[in-house]
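Morning, everyone. Today I want to talk about charged side chains. Take a look at the model first.

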Amino acid sequence: MGRGAARVGRGGVRRGRVRGGRLALRLGRPLGAGPSDRRAARPLRASGAPSGRRGPVRPHEGPSDREPDPRLRVPDPAPDPGRAHPGILHVRRLADEGPLVQPGPRVRHDRRAPRNLLWPGVLRNRGARLLLRPDVAARPARQHPGEVDPRRADLPPLRLDRPGLRRGAGVRPVPVRRVRPRRTARGRRGRVLRVRPPVLAGPEPRDADHEPLHGRLDRHPRGDPGPPHRRRPARDVRVRRRAGDGAHRARAARRHRTRVVAEGALLSAAELPPRFEPKAIEARWQAAWERAGIARAPDRPERPAFTIVLPPPNVTGVLTLGHILGDTVMDVLVRYHRMRGTPSLWLPGVDHAGLSTQVEVRRRLAKQGVRFEELPREEALRAIEAWKQEHEARILEQLRAGGFSLDWSRYRYTMDPGSARATRDVFVHLFRAGLIYRGERMVNWDPLLRTAISDLEVVHREEETELLFVRYPWADGSDGGVEVATVRPETIFGDVAVAVHPDDGRHRAEVGREVVVPMTGRRVPVVTDSAVDPEFGAGALKITPRHDPVDREIAQRHPELAAAVEIFDERARLDGAWVPEIYRGLDRVRARTATIAALEEEGLLLRRAKYRHSVARSERSDEPIEPRLSTQWFVRMAPLAAPVVAAVRRGEVRIHPARWETTFYRWMESIQDWCISRQVIWGHPIPVTHCRACGHADASVEPIVACSKCGSTNLSADPDVLDTWFTSWLWPFVTLGWPDRTADLDHYYPTSVLVTGRDIMFFWVARMLMAGLEFTGRPPFSDVYLTGMLRDEQGRRMSKHLGNSPDPLQVIGERGADALRFAVVFPNPTDEDGPFGTGALDGGRNFLTKVWNLVRFARPFLAESDATPAPPAPGAGSVEVRWVLSRYERTRAEVDAALRAFEPTRAATALHTFLWHDLADRFVEMAKESLAGRAGADARRDTAGALGFVLERSVRLLHPFVPHVTEELWHALPHSGELLAVAPWPPEGEVPVDPEAELEMEPVLETIRWLRNLRSEEKVPAESTPAAWVRPQSPEVAEILARALPTIVRLARVERVTFLGPAEPAPPDAGSRVAPFGECYLARPVGTAAESEALGREREKLHGLLEKTRARLADPGFRARAPPDVVREAEEKARELEARVRRIDDHLKAAGSGEKAA
RNA sequence: GGGCCGGUGGUCCAGCGGUGAAGACGCCGCGCUUACAACGCGGAGGUCGACGGUUCGACUCCGUCCCGGCCCA
């Protein structure tokens, strides 16, 4: 079907992409490894639509927790004599019908429920702690130090003969659908069963899950006590199977939770649910903060302020988890500074996102069969406005749900009147300063949206296309021709020449001759240009100046060439004088097919090859960019960029992480002028008036009525609108009132830090710096914090395209805002790309549950008080008290340092480690004895005091990260103040760092660890408490261990610990380990064979180390050159290792002989 | 083509001249205990990408290479 003028020829040429005179493209390199052709090739089809798959977080499956179990019934209120309270409904599970577990492989009992159950039908609470009426002042009476242990004194004895409960008969399998898909996917554990705890069948449950811990809501601003309490929902209990475990089963049944309270009653704090329910807490505290106006920054702050402007999300879309990451970082910083007493402003707003919004609306209309381009302007704008309203509402909902403390009273929009005025002023200013110009340039043209876009809105992607080798026949009719390689045969119509490299010997004879452009009959010369890559193909390039920037440059160097004619219209359909009639109107895809066919028919298509190269596409429409010569408005960047680079170099603006500075400089120094005009309707108009009489263009803040040059009144407004970023780059000061000199501008500008993703560093950060310096004379912020990108669990970037970015609202609904917030800052650094998924979310939630339970544990021991817990006296209390205070102080310092250095992850990690491992795992475990009063009243007071102090402070430190839970917990702890959100930040040095205590804790913790290790190695049954012996390595260690003996005995679960002198013989029938501080022995369970595997392993390891250390010491260079203390350390280490190895050998010998004897 | 970043137990990551290489998830064993099974206790698992160099000493500094990612053209 090809019909173009056919000529014959030979020779293959191909255009290479050429940059800066360098020859870039080479044939013969592996596909995909090559540099790219700048010409956009039309792909077969636009890339795939979003898959619509939801992210990894799935909605809760399985039966609802709330359905009353029909097998349960509520007996008459028959209070347990002496302890129950009027108002408490007692629920009794019908034992035979209760949740059961069927024996089978690997049943494992869930102890969670049993643990908390005291009795079917009896609440765990003592009556004194229950609040019976909501109107009663909420704080329950508290135990005072010295009184009977609240936990022990009045619990009922277990009575197994209780009606409704038979020993061993409580648990039966209730197979249910999988509740937690991820976890239960581990098939090897066998079937997961769900045991349903009893459910209140009485008063209908309402929707909130439990009452605030604290009983003080009446003192809140407005005193809204929140929803009255209702029962805990039944929990899912996973039961893993394990054969022959009837005792456990019975216990499980016995202890089943029956936490039921009559309607209207409040749960006391002691009755905190073992897991917190984020939903109720979060909504309540968000409301409280809003009422209290915590985020409202003062109009006239008296001190220098801390300011962040929220990078305005596009009203186009919704927030993604990526936004949540940045927002969390910002909220952490703002809350931190607010608590430190700095007037703090976090200013919210949204961006009209001109182009992308229009794309979305266009897409939506297309689905309804409406062509956006055909709509009257007014209607199109209305459609966009409607879209904006919808999405704005959604975004605001998301921001609120996250608990972000934004000052909504200062909410702004890039299309509000203030922004419009500022945009206009800025344009006029730059126009007058000669920094804005209009000119015909090669721009990135989006044929779908029919607008120019800036370089930054173009994305390059490697794509597979076809490279065609086309013969351009000689014009004189002789055989052969020039072989040209191209990926864009459809642009042949626009060719004005064929170019070869001047030094390319193969083509020397061809230069100056004429060839015929296939399909057109036009004759064009063969010219030379050094921009041609001689190594690509046969080294000849077709020159299409209107459709390739490189070609245009070459053409400009050859004035003798014919002026090129446009061959595409604005939708990139073939058109124009050089295009033969039959091709006109074809879009690029069809044009390519047609031209290939034509070339083939004419015998000019020599070869086709698969070819991978980078294709430029419009970021918004995904349409391949058509380089196109057109008249646009530009901003000169170099004069604006120079001061920015200087400011960064001077350190006036710091970039975190600092390594991005290099990238920043590189980009700023090779910056291109910015094309700011867009041929769309959604945006700020370009404030330029054109004179129809003389063509003069002028910009003015005031309306222009007559041409300033010729006086004509025949004027027209510029039809284009401005790039969205032309408004966004003013954001940090426009939001504060600029161009007016407002109080906000005075107090809150320049802002403190800008937190945003790296992806818009050039788009936005760099341009804001330029605008700030140009229009306000100051950098708009002193620090830039660039966050990383969240990836999904497969390491893919989260994108709408992949459908792997869950909706934050959904995640918040499932796991809670706090869990989400913690998950984005921990454990992976916020300034690196990191994986994010259910794993991280679980981690966040688990941590919060841990903290929750810490408070839950501590509450009964804490004094009733309206005062902030005072720092314990320095040096008072047991080792563990001094130790935990010391660890607290170190943690506090670390958190401070990290937050000041913009390292939220480091701060979160410090808190995580301290709260979980130091406080919960170690201190609380050690403290239980003193708290129970068994170490005397003083110890109890000191320990409880330290616990209260540390917990209250820690909750404060944690607040910026997870504001809702901490607010809730804070009110459950002794504290002073109305809201944690405005409580002061814990000051430095309230308690000392105590290295001595830290040192002393070491052997204690180690001894416990080694004894536990022995337990495990020697397979000591869990319930038995064998005798233990310790041979301390020195009298000092002995003294330390002696002081901590009860703790060691308890935590290592041994019967007693006997100290052995250096020469005393080892106890018989005991497993042994040789620890750094001494030797540990543990009586073996009867019948266990002597087992020294672990000991042998230990010996190997230590021996290896010893050899290494000896070798080092043997090196004369080491002794001569290493610092003396390093040498001394090595010597000590060698001695210690030697001793230990020797002891192990003794033990092994003893064990060996013992075995022989046995 | 230019530039940047990274390569550490199964996974994700910390450490950035003297370590017995930290932690989290996962895995294995055991589940006693006055909060927490979304948990506790114990355990296994690493030639710190490869090769050279500098150094008394290298996961750490330098060079080359390999692999992955990103940005720019």
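By salt bridge I mean a side-chain nitrogen of Lys or Arg within 4 Å of a carboxyl oxygen of Asp or Glu. Keep in mind that this is a predicted model. With that cut-off, the structure holds 73 salt bridges.

Start with the network. Which residues are linked there by salt bridges? They are Arg488, Glu490, Arg588, Arg592, Glu623 and Glu626.

Why pair up at all? Side chains of opposite charge can pair when their charged atoms come close.

Lys928 bridges to Glu925, with the closest N and O atoms 3.1 Å apart. Both belong to helix α22, residues 904-931. They sit three residues apart in that helix, so about one helical turn separates them. How accessible are they? Lys928 is partly exposed, at 33% relative accessible area. Glu925 is partly exposed as well, at 27%.

Next, Glu374 and Arg371. Their salt bridge has its closest N and O atoms 3.4 Å apart. Is Glu374 buried or exposed? Its relative accessibility is 60%, so Glu374 counts as exposed; the cut-off for exposed is over 50%. Arg371 has a relative accessible area of 37%, so Arg371 is partly exposed.

Last pair: Arg941 with Asp942. Here the closest N and O atoms are 3.6 Å apart. Arg941 comes out partly exposed, with 46% relative accessible area. Asp942 is at 24% relative accessibility, and that counts as partly exposed too. Buried would mean under 20%.

That's my set. Over to you.

Notes. Residues are numbered from 1 along each chain as its sequence is written. Chains are lettered from A and ligands numbered from 1 in the order in which they are written. This is a predicted model: local features need pLDDT of at least 70, side-chain atom pairs count only at pLDDT 80 or more; totals for chains, interfaces and linings use all residues. Side-chain values use heavy atoms; hydrogens and water are left out. Buried means under 20% relative accessible area, exposed over 50%, partly exposed in between (1.4 Å probe, protein chains only). Helices (H or I, at least four residues) and strands (E, at least two) are DSSP runs, numbered from the N terminus.
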